[in-house]
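Look at the structure first, then read on.

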Amino acid sequence: TKTEKPQHFISTADLTKEQLYNLLTRSIELKVEAKYNVSTPVRPLTGKTLAVMFSKRSTRTRVATESAMAYLGGHSMFLGSQDIQLGVNESLLDTSRVVSSMVDGIMARVNGHDEIETLAKESSVPIINALSDKYHPTQILADLVALHEYRHHGSINPAEYTAHQQHPSETLPGLKVAWVGDANNILQELMVALPKVGIHLTAACPEGYTCQQDVLEIAQAEAKREGTTLAFTHDPEEAVKDADVIVTDTWVSMGQEEEKAKRLAEFKGYQVTMDLAKRGGAKPDWVFMHCLPRKPEEVDDEVFYSDRSLVFPEAENRKWTIMAVLDSLLVKKSL
Ligand code: CP
Ligand code: NVA
C-alpha cells in the first residue's frame with residue numbers, strides 16, 4: 001500500500017553489489033523474453049501509471065521508459081517542462097505529493113540533484129532518477145549490459161539471442177575502463193557503479209574539472225572494498241593505457257550551454273580518436289562507449305561509427321534496463 005515508505009532508484013551508489021547484478025540479469029531476461037519472443041508477456045503493470053516528469057530534453061530515456069512501460073502493460077504519462085515546471089509554477093514538495101497520490105511511480109529528469117532528493121523525500125511512490133546534474137543511474141545499467149553482452153557473445157550484435165550461459169559477474173570483473181572527458185553526471189555514476197562489479201576506472205578530465213567530493217569518497221570506498229583501481233589524470237593518453245573500454249560524453253551537458261566556447265577550448269586534446277588510443281596504448285581490441293547524444297568534438301566519426309563502437313546496442317539497452325527497474329520497483333516493490 002502507499003502508506004509504506006517506497007523504495008527509490010536515485011543512484012547505483014545506493015545499491016548493493018547483489019542488487020546491481022540482479023538488475024543486470026533481470027534486464028537480460030526481459031530482453032530475451034521481449035525481443036526474441038521467448039515466452040508470453042505477463043503484463044504485470046496492467047492498470048498502473050508512471051508519471052514521466054522531465055525538465056530537460058530526452059530521446060533515449062523517454063522512448064525507453066514509455067515503451068518499457070507499455071510492454072509491462074502499464075501506462076506512462078509524459079509531463080514535459082511546458083506542461084509542468086518542477087518547482088516553477090508550484091513547489092516541488094506540493095507537486096510531489098499531488099502527483100504521487102495519483103500514480104504508481106515517477107520517473108523524473110531534473111536540473112539540480114536536490115530536486116530528485118526532494119521528490120524522493122515527499123513522494124509516496126517510487127522515484128526513478130532519469131538524470132540529474134549529479135547522477136544518471138539508468139544509463140550505467142545499460143552500459144554494463146552492453147559490456148556484458150560484448151564480452152559474452154564476442155560481438156556487438158548477435159544474430160540470435162539465447163539465454164546467457166555466463167553471469168555478468170563472470171564477464172565484467174577485471175575490465176579496464178578509461179574515461180576521457182568532462183567530470184559530469186555520467187562519470188560520477190560510473191565511479192560509483194564500476195568498482196562494485198570489479199571494473200577498474202581511470203578518468204582523464206582537464207584541469208579545473210573535478211568530481212564532487214562526496215561522490216569521490218563513495219567511489220574510493222567502493223574501489224577499496226572490491227580491490228579495483230580508481231585513478232584520475234589530466235592526460236588522456238595516460239588514461240587509455242591498457243584500456244579495454246574508452247568512454248566519453250558531451251563536453252557541454254544540458255544546462256551548460258553558455259559555457260560552450262570556454263569548454264571547447266579547455267577540452268582541446270580530449271577528442272577520442274584511433275590515434276589517441278594508439279598513442280596511449282589501449283588494448284588492441286578496445287571498444288568505445290558513449291551515452292549519447294553525441295557531438296563530433298568529443299569523438300570523431302571514425303571511432304564513433306566503427307566496429308569498436310558499442311553506442312547503438314548501449315542505447316537500445318536503455319529500454320531493457322529501465323524495464324528491469326520498473327519491474328523491480330513497481331511489481332516486486334524492491335530493487
Ligand atoms: N543517454 C540519454 O540519457 O539520452 P537522452 O538524453 O536522449 O535520454
Ligand atoms: N552529461 C549529459 C548526459 C546526457 C544524457 C547531460 O547531462 O546533458
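Q: Where does Asp 300 sit in the chain?
A: This is a predicted model, in which local features need pLDDT of at least 70 and side-chain atom pairs count only at pLDDT 80 or more. Residues are numbered from 1 along each chain as its sequence is written. Helices (H or I, at least four residues) and strands (E, at least two) are DSSP runs, numbered from the N terminus. Asp 300 lies in the loop between β9 (287-290) and α12 (301-304).

Q: Which side chain of opposite charge is nearest to Asp 300?
A: Asp 300 is buried, that is, under 20% relative accessible area (1.4 Å probe, protein chains only). Yet Asp 300 has no salt bridge, defined as a side-chain nitrogen of Lys or Arg within 4 Å of a carboxyl oxygen of Asp or Glu. Lys and Arg count as positive, Asp and Glu as negative; His and the chain ends are not counted. At 6.1 Å, the nearest such side chain is Arg 294.

Q: Which residues does Asp 300 contact, leaving aside neighbours within four places in sequence?
A: Contact means heavy atoms within 4.5 Å. On that basis, the partners of Asp 300 are Gln 271, Val 272, Thr 273 and Arg 294.

Q: Within what arc do the buried residues of α2 fall?
A: Helix α2 covers residues 60-71. Its buried residues are Thr 61, Ala 64, Thr 65, Ala 68, Met 69 and Tyr 71. Directions run from the helix axis to the C-beta atoms. Seen down the axis, the buried residues of α2 line one face of the helix, because they fall within an arc of 155°.

Definitions and conventions: Chains are lettered from A and ligands numbered from 1 in the order in which they are written. Side-chain values use heavy atoms; hydrogens and water are left out. The expected span of a helix is 1.5 Å times one less than its number of residues. Buried means under 20% relative accessible area, exposed over 50%, partly exposed in between (1.4 Å probe, protein chains only).
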